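Good morning, and thank you for joining.

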Amino acid sequence: MSRAADSKAQSGPDPRSELVDHLPALRAFALSLTRESASADDLVQDTIVKAWTNIEKFQAGTNLRAWLFTILRNTFYSARRKTRREVSDTDGIHAARQATRPEHDGRLAMNDFKVAFEQLPDEQREALILVGGSGFSYEEAASMTGVAVGTVKSRANRGRRRLAELMQMAEGEELDMTDRATLAVMAVNQPVSR
Amino acid sequence: MNTRREERKRAALEKQIDENLRRVYEQETQQEVPDRFLILLERLREQE
């Protein structure tokens with residue numbers, strides 16, 4: 001700790017020069033929150049500006065990515081609080097649209113997965129993205145989201161369980177066209193329109 | 001017995017879920033970063 005003051009040189013380069021390395025992760029996280037790429041990129045842009053202008057608040061030696069994710073997340077939620085009255089997210093439509101990117105093999109399973117993932121409550125999705133997707137510890141995720149470690153764990157576990165249910169459903173659904181199956185099939189067949 | 005099998009199946013499924021999460025996330029992070037962000041960083045640097 002006492003070394004912190006004179007550790008500028010020792011702790012490596014200016015963290016601002018490292019921002020660029022975190023852009024891909026920031027975009028992925030933003031996309032998971034906004035579920036829409038244009039607003040995801042706006043969110044990343046705001047995050048970069050805030051991080052740059054508040055860089056002195058970053059504690060050298062701590063996890064820069066976690067710090068950036070926290071800024072991004074706070075920005076997202078405070079903006080959303082302001083625009084709450086706006087159209088409530090039409091989940092299904094988003095989910096279907098997101099799943100249109102056709103991939104190589106296993107694409108149906110992957111699309112099913114994405115569609116199911118989009119349907120989770122925000123909190124569970126976020127916990128799973130932080131812990132499952134981007135590999136933060138439960139402790140880091142807890143401090144980033146401002147909740148107890150146990151809360152993050154239970155959100156992640158509930159999310160996993162819900163996904164497991166949804167995917168099990170997707171497995172044996174040949175005849176049973178649930179909404180989810182219909183969505184997935186539609187998503188796969190729908191040409192990517194740009 | 002049946003429940004234990006289901007339990008095991010669920011555990012396997014949840015493991016698959018974490019793998020999928022990682023894969024989806026990796027897929028997203030492999031997309032190229034648009035120029036606007038590099039330009040933005042450049043501009044911020046110039047303003048210093």
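How many residues does the contact take from chain A, and how many from chain B? Please bear in mind that this is a predicted model. The contact takes 25 residues from chain A, together with 19 residues from chain B. On the side of chain A that touches chain B, the elements giving two or more residues are α1 (19-34), α2 (37-53), α5 (107-118), α6 (122-133) and α8 (149-171). The most comes from α1(A), with 8 residues. Sorted by class, this side of chain A has 16 nonpolar, 5 polar and 4 charged residues.

Let me turn to chain B. An unreviewed UniProt entry carries the annotation "domain: Anti-sigma factor NepR" for residues 15-48 of chain B. In the model, that span is 82% helix and 0% strand, and its end C-alpha atoms lie 47 Å apart.

I return now to chain A and to the packing of two helices. How are α1(A) and α2(A) arranged? Their axes come within 8 Å and cross at roughly 135°. Angles over 145 degrees would count as roughly antiparallel and 65 to 115 as roughly perpendicular, so α1(A) is oblique to α2(A). The crossing of α1(A) and α2(A) is right-handed.

As for the residues, α1(A) contributes L19(A), L26(A), R27(A), A30(A), L31(A) and T34(A). These meet residues of α2(A), including L43(A), V44(A), T47(A), I48(A) and A51(A). By class, the contact of α1(A) with α2(A) has 9 nonpolar, 4 polar and 2 charged residues.

Definitions and conventions:
Residues numbered from 1 in each chain as written. Chains lettered and ligands numbered in written order. Predicted model: local features only at pLDDT ≥ 70, side-chain atom pairs only at ≥ 80, totals over all residues. UniProt positions renumbered as here; feature names shortened; annotations may be inferred. Helix = DSSP H or I, 4+ residues; strand = E, 2+ residues; numbered from the N terminus. Contact = placed C-beta atoms within 7 Å. Nonpolar A, V, L, I, M, F, W, Y, C, P; charged D, E, K, R; others polar. Axes fitted to C-alpha atoms, helices over the stretch in contact; angles between N-to-C directions. Parallel < 35°, antiparallel > 145°, perpendicular 65-115°, else oblique. Left-handed = near helix turned anticlockwise from the far one by under 90°.
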